[in-house]
Amino acid sequence: MKNRNFKICLEREIKELEELREQLVARLARTPEGTLHVHQTGSGKPQYYHYKDSQRTYLQAGCKETAVALAQKTYDAKALTMIEERLKAAKRLWKEYEVSIGDLYEIQTDARKELVQPLVMPDEMYIKRWYESYQGSANPYQNTLAIYTEKGEAVRSKSEKILADLFYRNNIPYIYEPRLDLGKGKTVYPDFLILHVKQRKTYIFEHFGMMDDPEYIRSALEKLRLYEEGGYWYGETLLYSFETGTSPLNTKLVERMLRHFL
């Protein structure tokens, strides 16, 4: 887990360094030729000189823009050298982590896999066991609509189909209406459980689809209260979306939510 998170952070660091490098290269291409020399006088007031083609030119007060550009050029050049060195080191380290400890199991032959217990469970194995740990479509309440998802599952509404298909197309493992015991004899059937594979973290995803119906609102609030009493909090292990008759499900917001949390 730590190795996987480290690699994600390393990829982000490489991307940021490459963006900074591109920015510096473009800025350096626009700088004046030559370098800046700063001479500190006895009075403490600096004097600026422009060195170009083995010639030195004193920059008077009216030429401060040139001094600023040359000073920035020197700074940017040093920063670019540092970034190049760090990029090389980061890419070298990333290559060492290219095969994770979890991947090590996957590259074994099938015969060896039967004999080996992996130190870190590969993603595919974890996803398989995650699916096996829950029973989907467990809600005993009869589904009279049976709207089918791209995955071939029967759901109760068009909005649930939209959400299920959104998870499916984005390779987010999900389970529809599993049984979830909250303790103290409390049982709920969430609309979905979804899995953050890299973090090995399970989220409840609820869609409240009739929020202009007072009785439905009362039931939704009671369900949210049960989740909170069971230790499920929004953003940590609980996500949800809403809609009314005049404000349908906003898939763009759901996509942003998934990108943020997953």
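Begin at the second largest pocket of this predicted model, which holds about 440 Å³ of space.

Helix α1 (2–28), strand β9 (192–196) and helix α8 (251–261) each supply at least two residues of the lining of the second largest pocket. Select α1 in particular: with four residues, α1 provides the largest share of that lining. Colouring the lining by residue class then shows eight nonpolar, five polar and four charged residues in the second largest pocket.

Now move to the largest pocket, whose volume is about 880 Å³. Its lining comprises 28 residues, and those closest to the centre are R156, D191, M210, Y216 and K223. Selecting these five residues places the view at the middle of the largest pocket.

From there, display the surrounding secondary structure. The elements that each give at least two residues to the lining of the largest pocket are helix α6 (158–169), strand β8 (186–188), strand β10 (201–208) and helix α7 (214–229). Which element contributes the largest share of this lining? Select α7, which supplies seven residues of the lining of the largest pocket, the largest share.

Finally, apply the colouring by class to the lining of the largest pocket. The residues there divide into eleven charged, ten nonpolar and seven polar.

Note on methods. Residues are numbered from 1 along each chain as its sequence is written. This is a predicted model: local features need pLDDT of at least 70, side-chain atom pairs count only at pLDDT 80 or more; totals for chains, interfaces and linings use all residues. Side-chain values use heavy atoms; hydrogens and water are left out. On a 1 Å grid over the protein atoms alone, a cavity is a set of points where a 1.4 Å probe fits but cannot get out, and a pocket is an open set with protein on both sides within 12 Å along at least five of seven lines; lining residues have an atom within 4 Å of a point. Grid points are joined across faces, edges and corners, and a volume is the space filled by probe spheres set on the points. Ala, Val, Leu, Ile, Met, Phe, Trp, Tyr, Cys and Pro count as nonpolar, Asp, Glu, Lys and Arg as charged, and the others, Gly among them, as polar.
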